[in-house]
Amino acid sequence: MSLKKQMEQGLLYVEYGHESLEDQAYEKELDAKRKKIKDLMHLYNFHTLPSDEKKRRQLLEEGLGRAGKNLYLEPPCYFSYGCNTFFGDDVYANFHLVVVDDVTVSVGDRVMFGPNVTISPTGHPLAHVYRRKGAQFSLPVTIGNDVWIGANCTILPGVTIGDRCVIGAGSVVTHDIPADHLAYGAPCRVIRRIDEEDLLTYKKGFPVNSDWNK
């Protein structure tokens, strides 16, 4: 099976050292994509002013699979490929977002990321004999609409986080989280459903003030 198909089907693969001409050509394609996003994000992170919104937008549109309307990524942020990450509209990410997007990462609309969030669709086998040869696997990650990912969270391969979820700070998300739930922990676990009672307080014991949106 080709390297491309191994990656797409979530099987074990190595990114280099193949004998077939088809795989060697794909190795070069992958290498070019990695170098492109590294160059673009170096410019974005270190050579644009915060006020240069037009230039930053241009760099994101050139490097990402989709840069939705009003996407704002606080630099520095990093991607493995960039072209495999698809952001919806009105997404905000605080400092140090890291996306290891060897395969597709889909982020919905109105998603917020706290500082130091890592999204990693790629992992490595537990058995060392595979890791010695550089083996890895990649499974797509999907984040729904209106999700808040707290600071210092890690999202692992194959995870889907449903719409309107809140993932508490410091969580390690290893399994799917159903829509409309609060979840946190390492490993992350569902704590409770987010319901109408949560419209009355913005934090436990803190009532929502009537003039919050005036």
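This is a predicted model: local features need pLDDT of at least 70, side-chain atom pairs count only at pLDDT 80 or more; totals for chains, interfaces and linings use all residues.
Buried means under 20% relative accessible area, exposed means over 50%, and partly exposed is anything in between, using a 1.4 Å probe and protein chains only.

Residues are numbered from 1 along each chain as its sequence is written, and side-chain values use heavy atoms, with hydrogens and water left out.

## Salt bridges

Let's start with the charged pairs. A salt bridge here is a side-chain nitrogen of Lys or Arg within 4 Å of a carboxyl oxygen of Asp or Glu. Searching the whole structure turns up 12 salt bridges. Here are some of them, with the N to O separation.

| Pair | N to O |
|---|---|
| Arg57 and Glu61 | 2.8 Å |
| Asp163 and Arg164 | 4.0 Å |
| Arg192 and Asp198 | 2.8 Å |

Take Arg192 and Asp198, whose side chains meet in a salt bridge. Asp198 has 24% relative accessibility and counts as partly exposed. Elsewhere, salt bridges with shared partners tie Glu15, Asp31, Arg34 and Lys35 into one network.

Arg57 and Glu61 sit in helix 3 (residues 53-63), and because they are four residues apart there, about one helical turn separates them. Helices (H or I, at least four residues) and strands (E, at least two) are DSSP runs, numbered from the N terminus. Arg57 is partly exposed at 25% relative accessible area, and Glu61 is partly exposed at 48%.

Asp163 is partly exposed too, with 28% relative accessibility. Its salt-bridge partner Arg164 has a relative accessible area of 41%, which also makes Arg164 partly exposed.

## A buried charge

Which residue is buried yet has no salt bridge? That would be Glu27, found in helix 2 (residues 21-46). For Glu27, the nearest side chain of opposite charge is Arg34, 7.5 Å away. In this count Lys and Arg are positive and Asp and Glu negative, with His and the chain ends not counted.

What Glu27 does have is a polar contact, side chain to side chain, with His18 at 2.7 Å. A polar contact is a pair of N or O atoms within 3.5 Å; within protein, one must be able to donate a hydrogen and the other to accept it, and residues adjacent in sequence count only if both atoms are side-chain atoms. Setting aside residues up to four places away in sequence, Glu27 touches Leu3, Glu15, Tyr16, Gly17 and His18. Contact means heavy atoms within 4.5 Å.

## Cys83 and Thr85

Next come two residues to look at together. Cys83 is in the loop between strand 3 (77-79) and strand 4 (85-87), and Thr85 is in strand 4. Cys83 is partly exposed, with a relative accessible area of 27%, whereas Thr85 is buried at 0%.

If you leave out residues up to four places away in sequence, Cys83 touches Lys33, Gly63, Leu64, Gly65 and Asp101. With neighbours within four places left aside, Thr85 is in contact with Leu64, Gly65, Arg66, Phe79, Val99, Asp101 and Val105.

Where are the cis peptide bonds? One joins Pro75 and Pro76, with omega about 0°, and Pro76 is in the loop between strand 2 (72-73) and strand 3. Another joins Ala186 and Pro187, with omega about 5°; Pro187 is in the loop between strand 18 (181-184) and strand 19 (189-193).

Asn70 is not a glycine, but has a positive phi of about 65°. You'll find Asn70 in the loop between strand 1 (66-67) and strand 2, where Asn70 is exposed at 52% relative accessible area. Asp146 also has a positive phi, near 60°, and lies in the loop between strand 12 (141-143) and strand 13 (148-149). At 32% relative accessibility, Asp146 is partly exposed.

## A nonpolar patch

Finally, the surface. Tyr202, Phe206, Val208 and Trp212 make a nonpolar surface patch of about 470 Å². Patches are made of residues with over 30% relative accessible area and no salt bridge, joining like charges within 9 Å and nonpolar side chains (Val, Leu, Ile, Met, Phe, Trp, Tyr) within 5 Å. Accessible areas come from the Shrake-Rupley method with a 1.4 Å probe, and for residues only the protein chains shown count as cover. Tyr202 belongs to strand 20 (residues 201-203) and is exposed, with a relative accessible area of 56%.
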